[in-house]
Amino acid sequence: MPRDVSSLANILADARVWKLKDASAAPTRPVWSTGKSSLDARLPGGGWPTASLIEVLLDDTGLGEVQLFLPALVESQRRIGDVPWLVWIAPPHEPYAPALAQQGIELTRLLVVRPTTANEALWAAEQALGSGVCAAVLLWLKGTDDRWLRRLKLAAEAGGALGVLFRPERHRFESSPASLRLVVSRGEHEMQLDLLKVQGGRPGPVDLGGP
Amino acid sequence: MARHAKSRTADLFAAGNTSPALPAPAPAPVPAPASASKPAYRPRPSEAPGGGVPPTPQTAARARSRQLWYAVVFPELIEADASAAKLQKLCMHAHAFTSLVSIEPPNALLLEIKGSLKLLGPLETLHANIDACWRQLALEASSATAPSTLAALWFARAGQPVRIEDLGMLAGRMAKLPIACTAWDADRLQTLRALGVTRMGDLLRLPRAGLTRRLGVGAVKDLDIALARQAAPRRAFVPRERFRERCDFESEIETTAYLEKAVEPLVERCARFLRERQAGVQTLRLKLRHRAGPATCVRLGLASITSERRRLMDVLIQKLERLELSAPVRGMELASGALQPLSAASLDAFAGLAGAGGRDTAPQLVERLRARLGEEAVYGVVSIPEHRPEAAWQRVRELRLASVLRAGEKTAVRGADHAMPRPVWLLDAPVPLDSELILEQGPERIESGWWDGRGVARDYYVARQIRAAHGAKLWVFQERRSKLWYLHGMFA
């Protein structure tokens, strides 16, 4: 009997097992704050989970979608030891260096990749996520399939990196292995956030009022 | 002696201070001392016209205290045709004793052995071992060890196998040397003989100013170097080596998958070759030979100098996977680019350890991305302190890959801290706007660049479009002359 208990404890201690009822408990993986307390409160652990894939669905650019992740990117580069890399793959426009420096991002550790095809972009993302030298990989895509997303998720978990995939909202009803899915849309004044899927949390719209 | 020199220097400075406007008086030659009991040769600043200022005692001492030179002269080589090539070969043998070997044309080598004493010393043993090396090669050689390059060389040329470690004894031991061992030109030696100078001791006793005038600056400088009063850096001999190896296949290979397998042992040997030489490469060339037609050449560029098998293989595979074979391959040849020393800062020595765990290093990642996507597709960005928004950033291809960067140490030049926020996305070119806007923040006037013909005079605002389709926060400006509105960026 005691042997069974210990094996169950072993299983529960495995990082790959997540417990639905225990979402509020501190996760074993570190999280990075989103910079918005109302959003942090809705995410398990209180921030973007690392070593996982996050999917952001939006139809427009310039809604503040990158701003959601910039505080986390800055925080990730403040880790002890060698400053990790950030990789931006196929961004819709040129990332503007002065703006990123203003936000506190270490530009010498930022890599911009411009692949010519979607497959190349996915391949580059998989390489970067799994390399172990990147803290976060941001990827902009028009469309992809479930199989590739699963590969990205595995690479992110293996490399301990945060993968963020931006793609159009029409993929909303497709299944996705991402551990966090959210829809960003235009609101009256602020952008609107709708959590579609939160592993270990509760989905639903997020009120972004306040800081 | 020191006091004497000091007081002279003080006098000269005093003279300069009282009449600063006058040109410096031509230095009067110092008469040779009547009694030759005291050596008169000593470096004095400002005495020699154009003779150069001997270095300060501190710097000279620092340079010479670390050095001990073994010189070897091969008298047979002077007539030999290919003496330069022969000397280069001998350098390879000399590398067994020290890493700093320098060629002295036409027939001598200089070895810095101070650094080798701890490991291969004491001096007697080391000296004898190096001598034995030449004997084994059946070469006639005469050698000497002294604290300076020229002194060692002169002793070796004179055929005096001395071993002088102590700098204080150098001048005294040199006194007996014939002046011919300096290998100065015949005119100079003739001048000296006319003066009755045949030994180095006589020469050192002569006043510096007169020597400079009679023999030229070069001779006095030689004496300074020989007495280790002046540092004389030598160019170390670096073996020019490349890895180049070929292999032929028993049967022709038609698919790149088999090529990858076939190239593996070549890369393995190349990596071992590099590791043995503590060197790395940044370029590689793989030549695929066909039965007919020109060979296919695959060139590889690496993001940083490396000697690691896994990284070389990685890039090769990426290239081979994308290669379209025009014809079956019969053989291949792998050649490395120029060998470059592996620096400790590159941490490549440890890359092997990191790589063993299945993790990549940053250079590896960049190489792999570049190998498949092309050099242009992977880049970094820098911020430039410049007011014009479009000129305030730049793409960079040279990434700081090798160095370790600690958190908190800022390397980027941060742009001026703007009161106004900057957008994350900047459009390649400003787009004219015609719809109505709600201006939320601004204006920020930017007026700059009139000097290079790309001047701007703009008022920048953070704005939102009223039209329903776009709710994005925009970075817009109004051209001040034309009063037209443009979109320049987006806050994402």
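Tutor: In this predicted model, chain A has 211 residues, of which 45% count as buried. Its secondary structure comprises six helices and 11 strands. Of the contacts in chain A between residues at least 6 apart in sequence, 68% join residues at least 24 apart.

The pair to examine is helix α5 (residues 118–131) and helix α6 (residues 146–159), both of chain A, whose axes come within 6 Å and cross at roughly 20°. Because angles under 35 degrees count as roughly parallel, α5(A) and α6(A) are described as roughly parallel to each other. The crossing in which α5(A) passes α6(A) is left-handed. On the α5(A) side, the contact is formed by A:L122, A:A125, A:E126, A:L129, A:G130 and A:S131. From α6(A) come A:W148, A:R151, A:L152, A:A155, A:A156, A:A158 and A:G159. By class, eight residues of this contact are nonpolar, three are polar and two are charged.

Helix α5 also belongs to the side of chain A that touches chain B, where β5 (94–95), α4 (97–103), β6 (110–113) and α5 of chain A each give two or more residues. The contact between the chains takes 43 residues from chain A and 44 residues from chain B. The chain A side divides into 21 nonpolar, 11 polar and 11 charged residues. Strand β5(A) is also joined by two bridges to strand β12 (residues 425–432) of chain B, and these strands run antiparallel. Within this pairing, A:E94 stands opposite B:L426 in β12(B).

Key
Residues numbered from 1 in each chain as written. Chains lettered and ligands numbered in written order. Predicted model: local features only at pLDDT ≥ 70, side-chain atom pairs only at ≥ 80, totals over all residues. Axes fitted to C-alpha atoms, helices over the stretch in contact; angles between N-to-C directions. Helix = DSSP H or I, 4+ residues; strand = E, 2+ residues; numbered from the N terminus. Parallel < 35°, antiparallel > 145°, perpendicular 65-115°, else oblique. Left-handed = near helix turned anticlockwise from the far one by under 90°. Contact = placed C-beta atoms within 7 Å. Nonpolar A, V, L, I, M, F, W, Y, C, P; charged D, E, K, R; others polar. Buried ≥ 20, exposed ≤ 12 C-beta atoms within 10 Å, placed from the backbone. Pairing = 2+ DSSP bridges.
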